[in-house]
Amino acid sequence: MVKTFGEFLIFMQSMLVRKERLAVLWQRMLDEAILIGIDSVFIVSIVSAFIGAVTCVQIAYNLINPLIPKSTIGFMVREMTILELAPTITSIVLAGKVGSSIAGGLGTMRITEQVDALEVMGINSASYLVLPKIVAAMLMFPLLVILAMVLSILGGYLAGTLSGAMSAQEYVEGIRTDFVPYNIVFALIKSVVFAFLVSAISSYKGYYTKGGALEVGAASTGAVTNSIIAILLADYVLAAVLL
């Protein structure tokens, strides 16, 4: 494990030496941002909207005490969404979609010797292939998390009002109660950290793939598994340090 971690650090360092021209990296970063961000909008929207709706319905089901105001449902949906559900669940979903794509793409390039061809041409393959992916992920993940927050709260609003669990006024009152702006900052910090972990771990697993097509599949699976474990560990550490 120590050896693997050391190789990972050396891999991260190799991206920062002999970098390509800024114009080249910028264009590569835009291409990766489309693949990581724009192409993930649909799945993030669906997941976040239904998570917000289910959260609202289940909280309403459990709040049967008449002494507790119905606006508490909106308050709890907002807190759960901003602090945990939007950044963490979105990042886990993206670990499965984006992480496997990164690992599979780099693994295929490695076994077909495309990475070796870049090295022969004098191009730092780690900087050219991996650095734009990590930068694009760290830019797009927070935007997707903001989208997830909005749609999750909106999903809770629609579920709560359409099911008759509460009125629209009660839900809006709940999501405006005791709002702490720092929670948004905390969620965005988590999303940037999660983006780095997913993109860096997936790139590492794909970049050092050896063998054939079977090993590419194993690298993709390992990238998703390790990324999710890293997200959960980082989630706890960030909560303990920043809250």
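Against which helices do the buried residues of α2 pack? In this predicted model, the buried residues of α2 pack against α4 (71–111) and α6 (125–162). The buried positions of α2 are Leu25, Arg28, Met29, Glu32, Ala33 and Ile36. Viewed down the axis of α2, these residues fall within an arc of 145° and therefore line one face of the helix. The face turned away from this buried side carries the exposed residues Ala23 and Trp26. Arg28 of the buried set also lies over the face of Tyr128, at 5.0 Å from the ring centre.

Aromatic pairs number 7 in the model. In one of them, the ring centres of Phe11 and Tyr207 are 5.1 Å apart and the planes meet at 40°, so the pair is tilted. Because Phe11 belongs to helix α1 (residues 2–14) and Tyr207 to helix α8 (residues 182–207), the pair ties together parts 196 residues apart in sequence. Phe11 is buried, with a relative accessible area of 0%, and Tyr207 is likewise buried, at 7%. Both rings belong to one aromatic cluster formed by Phe8, Phe11, Tyr204, Tyr207 and Tyr208.

Ile51, in helix α3 (residues 41–62), is partly exposed, with a relative accessible area of 23%. Beyond its neighbours within four places in sequence, Ile51 contacts Leu85, Ile89 and Ser152. The C-alpha atoms of Ile51 and Gly156 are separated by 8.1 Å, although these residues are 105 residues apart along the chain.

Key. Residues numbered from 1 in each chain as written. Predicted model: local features only at pLDDT ≥ 70, side-chain atom pairs only at ≥ 80, totals over all residues. Heavy atoms only, no water. Buried < 20%, exposed > 50% of the residue type's maximum accessible area, 1.4 Å probe, protein only. Helix = DSSP H or I, 4+ residues; strand = E, 2+ residues; numbered from the N terminus. Arc of directions from axis to C-beta. Contact = heavy atoms within 4.5 Å. Phe/Tyr/Trp six-rings, centres within 6.5 Å; stacked < 30°, edge-to-face > 60°. Lys NZ or Arg CZ within 6 Å of the ring centre and 35° of its normal.
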